[in-house]
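Here's a quick tour for anyone meeting this structure for the first time. Have a look at the model below, then read on for a pocket and some charged pairs.

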Amino acid sequence: MIPEREDARPVIREVIVVEGKDDVAAVKRACRAQTIITNGLGISREIIEEIRIAALRCGVIVLTDPDAPGEKIRQIINRQVPGCRQAYLPPGRYSRNGLVGVEYAKPAEIWAALTAAKATKSEKQPDAFTMAEIVNMGLAGAEGAGEKRERLSLLLGIGRPNGKQFLRRLNDYGVSKQDFIAAYREMMRDDGESV
């Protein structure tokens, strides 16, 4: 059973791969976890690379709709990024208007699927990075922050997040201070700036 209070939701170490934004909202009702959206069958090379890096850093669980397109997305991911865990919702779970998908699943159903996929429930660790550090480095709240953050995110392999997502991914993906500083210095050197 999933606790009702938001702060009591279990924390999942792995990144959950889903098809769309509504699926992210459904997963967030069941647990606290980072997610990657495939945008349905329009899964790009960039998304595949993001999944590959997440698999190396903290593991990946694929949770797609229990239909033909969802299965096709699983096949694409499994071919490109072997070793991802698979979470399955029972087929035949529909909303009142006959639609099927992760977005219509109850939190307990999602949690059961993640548990069956051997999701790693973990205690929330103290954050290695703070928003104050991100702001002080010009990666949020400053002119050109978005461009810098995007370049640094690509060097770290954490996608293209906004400021809040950037901070969460640094902490949730387990990016070390050493890796962060090395990538930041590389980015600054590429700009011709001294660090």
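**The second largest pocket**

Four elements, α1 (21-30), β3 (35-37), α2 (45-57) and α7 (163-172), each give at least two residues to the lining of the second largest pocket. Keep in mind that this is a predicted model.

- The second largest pocket comes in at a volume of about 370 Å³.
- It is lined by 18 residues, and the ones closest to its centre are Thr35, Ile36, Ile37, Gln165 and Arg169.
- Sorted by class, that lining holds 7 charged, 6 polar and 5 nonpolar residues.

**Salt bridges**

The count here is 4 salt bridges. Let's go through some of them.

*Arg85 and Glu14*
- These two side chains pair up at 2.9 Å, N to O.
- Arg85 sits in strand β5 (residues 85-87) and Glu14 in the loop between β1 (11-12) and β2 (15-18), so the bridge ties together parts that are 71 residues apart in sequence.

*Glu133 and Lys177*
- The side chains of Glu133 and Lys177 meet at 2.7 Å, N to O.
- This pair links distant parts of the chain, 44 residues apart: helix α5 (residues 131-136) holds Glu133, and helix α8 (residues 177-190) holds Lys177.
- Glu133 is partly exposed at 29%, and Lys177 is partly exposed at 36%.

*Arg52 and Glu49*
- Arg52 and Glu49 form a salt bridge at 3.1 Å, N to O.
- Both lie in helix α2, 3 residues apart, or about one turn of the helix.
- Arg52 is partly exposed at 30%, and Glu49 is partly exposed at 36%.

How values were computed: Residues are numbered from 1 along each chain as its sequence is written. This is a predicted model: local features need pLDDT of at least 70, side-chain atom pairs count only at pLDDT 80 or more; totals for chains, interfaces and linings use all residues. Side-chain values use heavy atoms; hydrogens and water are left out. On a 1 Å grid over the protein atoms alone, a cavity is a set of points where a 1.4 Å probe fits but cannot get out, and a pocket is an open set with protein on both sides within 12 Å along at least five of seven lines; lining residues have an atom within 4 Å of a point. Grid points are joined across faces, edges and corners, and a volume is the space filled by probe spheres set on the points. Ala, Val, Leu, Ile, Met, Phe, Trp, Tyr, Cys and Pro count as nonpolar, Asp, Glu, Lys and Arg as charged, and the others, Gly among them, as polar. Buried means under 20% relative accessible area, exposed over 50%, partly exposed in between (1.4 Å probe, protein chains only).
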